[in-house]
Amino acid sequence: MDKKILKIELVPDGCWYFNLRSILSRAQWDYIKAEVKKKSGGKCSVCGRKTKFLDAHERWSYDEKNGIQKLEEVVAVCRDCHSVIHIGRTQLKGNVIRAEEHYMKVNGATYAEYLAALKKANEDHIRRNKISEWKTDISYIKIFAGDNDKN
């Protein structure tokens, strides 16, 4: 069982730029972001740090047999945790050392354990990239529907 609380989530290339922010209206996305941040009590859902700078992060699962990416939840994360979750983007931006250090601190991990997690995430990414087209299930957002009639 994986005991790490902060995980690297590499999105398959075919799913890049497909997220709630890109398919919902700005008002709908802003509503979901605000609800997620309010629910968090101003704390990162991963490391627990209290901060006024929280991002809304979409957690997806990948059914590789059926080619379905499914939105599992939207959570509030601090920017340091978000930089680890999306380490590929962080590497491109050049802030990888801070992200590596944060991963190790939050998970109580060594650098070797970080590298092993990164290797596993890359292996998952390569395997998932063999699926040319992903179907998307965003039924999770129905939990926001009752409160979001004004949007």
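## Helix H6

H6 has 18 residues, and from its first C-alpha to its last it reaches 26 Å, close to the 26 Å expected at 1.5 Å a residue. The model is a predicted one.

The buried residues of H6 are Tyr-114, Leu-118, Ala-121, Asp-124, His-125 and Arg-128. Because these residues cover an arc of only 120 degrees around the axis, they lie on the same side of H6. An α-helix has 3.6 residues a turn, so residues three or four places apart point the same way. Ala-112, Lys-119 and Ile-126, on the other side of H6, are exposed.

## Largest pocket

The volume of the largest pocket is about 1,200 Å³. It is lined by 38 residues, of which Asn-19, Arg-21, His-82, His-86 and Arg-89 are the closest to its centre.

Helix H6 (111-128) is one of the elements that supply at least two residues each to this lining. The others are helix H1 (20-23), helix H2 (26-40), strand E1 (54-63), helix H3 (79-85) and helix H4 (87-93). Sorted by class, the lining of the largest pocket has 14 nonpolar, 13 polar and 11 charged residues.

## Cysteines

A search of the whole structure finds zero disulfides. Cys-47 is in no disulfide, and the nearest cysteine sulfur, that of Cys-78, is 3.8 Å away; a disulfide would need the two sulfur atoms within 2.5 Å.

Cys-47 counts as partly exposed because its relative accessibility is 28%. Cys-15 has a relative accessibility of 3% and therefore counts as buried.

Definitions and conventions. Residues numbered from 1 in each chain as written. Predicted model: local features only at pLDDT ≥ 70, side-chain atom pairs only at ≥ 80, totals over all residues. Heavy atoms only, no water. 1 Å grid on protein atoms, 1.4 Å probe; cavity = no way out; pocket = protein on both sides within 12 Å on 5 of 7 lines; lining within 4 Å. Points joined across faces, edges and corners; volume = space filled by probe spheres on them. Helix = DSSP H or I, 4+ residues; strand = E, 2+ residues; numbered from the N terminus. Nonpolar A, V, L, I, M, F, W, Y, C, P; charged D, E, K, R; others polar. Buried < 20%, exposed > 50% of the residue type's maximum accessible area, 1.4 Å probe, protein only. Expected span 1.5 Å × (residues − 1). Arc of directions from axis to C-beta.
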